There are 2 protein chains.
Amino acid sequence: MPEFFNVLPPSEAFNVVRKNVVVRAVPETIATDEALGRVTASEVLSPEVLPAFPRSTMDGYSVRARDTFGASEGMPAYLEVVGKVSMGKAVDVSLSTGQTAEAYTGGGLAQGADAVVMVEHTQVVNETTIEVTRSVAPGENVVQVGEDVSERDSILPAGQILRPQDIGGLMALGITEIDVFRRPRVAIVSTGDELVPPTEKPGPGIIRDINTFTISSLVTQAGGIPIPQGLVADVFEAQREAAVAGIAEADILVFSAGSSVSSRDMTADVIEMLGEPGVLVHGISIRPGKPSIVGVIDGKPVFGLPGNPVSAMVVFGLLVRPTIYLLSGCAEPPRPATIRARLVRDIASQTGREDHVPVKLSMTDGVQQADPVFGKSNLIYTLVRSDGMVTVPIDDGGLYAGDEVSVRLY
Amino acid sequence: MPEFFNVLPPSEAFNVVRKNVVVRAVPETIATDEALGRVTASEVLSPEVLPAFPRSTMDGYSVRARDTFGASEGMPAYLEVVGKVSMGKAVDVSLSTGQTAEAYTGGGLAQGADAVVMVEHTQVVNETTIEVTRSVAPGENVVQVGEDVSERDSILPAGQILRPQDIGGLMALGITEIDVFRRPRVAIVSTGDELVPPTEKPGPGIIRDINTFTISSLVTQAGGIPIPQGLVADVFEAQREAAVAGIAEADILVFSAGSSVSSRDMTADVIEMLGEPGVLVHGISIRPGKPSIVGVIDGKPVFGLPGNPVSAMVVFGLLVRPTIYLLSGCAEPPRPATIRARLVRDIASQTGREDHVPVKLSMTDGVQQADPVFGKSNLIYTLVRSDGMVTVPIDDGGLYAGDEVSVRLY
């Protein structure tokens, strides 16, 4: 029986990727309003101060705060109303001692004012006079110039995935274009004599290709661009040609199937032929997904994923997804959504192996339950019928019914 | 001081939406490989059985299981090798008692075989004979016909968001087109005399529009199609026209700003003019975001969000996002990613009000910490500088430093 070349725990397998790939993230300039989910290519400094003028946070009256000191319901301060600062207009009112001007939420303050009294704490006496029934401190109900952002402030680090509020924050400063990294291109070579495209009706012994589409979707979710290379027969030269073409036009090359050690499994040999250093890991101490390959060719990562759909998805999540984020220039990949749940049945494992088990979620008596779906790893509907996965840590012999577990949702 | 019309807790405000909107989700047929993230419009039944032939899960030999009964290392069973079942080929080998044929992972079994012996449990004696050193039960190492899916099985319910494995599962059955609901269209009317587009340099008293872009991004994230209606001045007739145009071409209408109760806040009046039943909620018992509006016009939801960016994002998450999923025909919106963290500082609140506070995450001594960012809700960088939000439940007076909290990541 042939042996695996170099079996590593999953975390060490990813470290091999990290140490050996060359991150060639290329920046491009795009419109900020199309940059949601993209990764900043450089630190962004503010070109301006925000806000650029002191703004009222309330409807009311801008005042010189000391004119209100001591004011109360019983002993209000009387102020002369000398005008108002309209929304969206330049300030053309100036206050002397004992004077005030109307102010609006988000609008400016009169010249000389340093605080705003909420309209609720005032009373109109006549057209030119109000009572103020509560004192305000200097700065109260005011956003100061630069309170949000100072000029030259670092507003976004390099390597950040842009969120809705980041898009808004950039727009607030007039930054309508932004440098982001190009999305990594992931070539997918799906191998196997038994495969036909899903549009075809399979003959005897034939099945439709699944993994091209599952893997392409996973690549898209991780912010990459999938580049399917089509179906390739179990013929060495055909696979080598597809791999050469794939690695030439992509940043990452993924093989589906052919990653084990039987005579028909030629992915490892193909990777070895592509260049240096070639195969670095063959075999990962997980179930499902043990017969996986990590290689590097001229600084580009190459993965051999098992053909079984469940195994492919597990190994994608452990190795390919973080590699896409790494090559995206992303400093910190987003955390997956998880949920705590109570395990309904035991999950057997063995120490030295990390198990990943699909689970179906349900609520019973107000308790979130996770029921393991023990389908074979070559059944795609094991994944379709489940809501997420539970991990049995590498040092554990299993999990028990009743254990509280963290379910990674998908 | 004018009063809010009808202040409700956030959960009740969404119930008002649910009870009063008419879900008009319209199905459309699209290519399955472009359906990631879309919502199924109807239950999908399997047109075929999967797998269509018994498949080996291992490399080895297909056998009649009873020929191996009692086999062991010490007393192996001897079987005659009469051929092999090649990958992707029709089965042209048939077994009689005492015979076997080579089998490959994912390939078929010889006629008459009911199990597979792993290659590890065999020994080649000569060209036509193997030793089997372990017995197998009927069905062992075999995926039976229909074990993944039977014909007419329900494989996906209506209202499910399609995941990578669902795309793969559909392709496995040759379902290359699928009925999904159209994505809801969300018209966004951004109001305020003080606003200019981000491409412009603001003059005195003027600021750049932020909310059109933040809200558009949030709509996109929730699977909707944002339709910005441009900037509209604080002029009743202009806002009414923009609203009429927006509600005509969209499924949801969102106003940014103008949702409070001062004389300049005209969103509620505009919504009342649009049709029946008009404004149903004015004021929500949250901070920030109290001055929010929920209305319904001819079955379509209309929201008035506060102009403050933080408030707008909070209210979007509580009301607009679930409404987009509701109108998507989505049975169960995806859960947000959350993380447990220890609160670094007290958060003051008051009972009867639900507070939403941005927090910055950090690790200290291996403990995940959440530090509240108490910026004013009109500062967009309060959101840019934070990693997620913590909710103070409506019945709590606050949270304390050291409390373990759940942070909704964004």
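Visitor: Which elements do the buried residues of α2(A) pack against?
Guide: In this predicted model, the partners of the buried residues of α2(A) lie on both chains. Chain A supplies β11 (154–156) and β12 (177–181). Chain B supplies β15, α3, α6 and α7.

Visitor: How many of the residues of helix α2 of chain A are buried?
Guide: The helix spans residues 164–172 and is mostly covered. A residue counts as buried if 20 or more other C-beta atoms lie within 10 Å of its own. The residues that are buried include P164(A), D166(A), G169(A) and A172(A). The count for α2 of chain A is 9 of 9.

Visitor: Which residue just after α2(A) takes a positive phi?
Guide: The helix α2 of chain A covers residues 164–172. Just after α2(A), a positive phi of about 80° is found at G174(A).

Visitor: Which element gives the largest share of the side of chain B that touches chain A?
Guide: On chain B, 75 residues are in contact with 75 residues of chain A. Elements giving two or more residues to that side of chain B are α2 (164–172), β15 (207–208), α3 (211–221), α6 (309–327) and α7 (380–384). By class, the side has 38 nonpolar, 21 polar and 16 charged residues. The largest share, 8 residues, comes from α2(B).

Visitor: What separates the centres of domain 2 and domain 3 of chain A?
Guide: Domain 2 of chain A comprises 27–50 + 158–181, and domain 3 comprises 55–143. Taken over C-alpha atoms, the separation of their centres is 37 Å.

Definitions and conventions. Residues are numbered from 1 along each chain as its sequence is written. Chains are lettered from A and ligands numbered from 1 in the order in which they are written. This is a predicted model: local features need pLDDT of at least 70, side-chain atom pairs count only at pLDDT 80 or more; totals for chains, interfaces and linings use all residues. Two residues are in contact if their C-beta atoms, placed from the backbone, lie within 7 Å. Helices (H or I, at least four residues) and strands (E, at least two) are DSSP runs, numbered from the N terminus. Ala, Val, Leu, Ile, Met, Phe, Trp, Tyr, Cys and Pro count as nonpolar, Asp, Glu, Lys and Arg as charged, and the others, Gly among them, as polar. A residue is buried if 20 or more other C-beta atoms lie within 10 Å of its own, exposed if 12 or fewer, and partly exposed in between; C-beta atoms are placed from the backbone. Domain bounds come from an automatic or database domain assignment.
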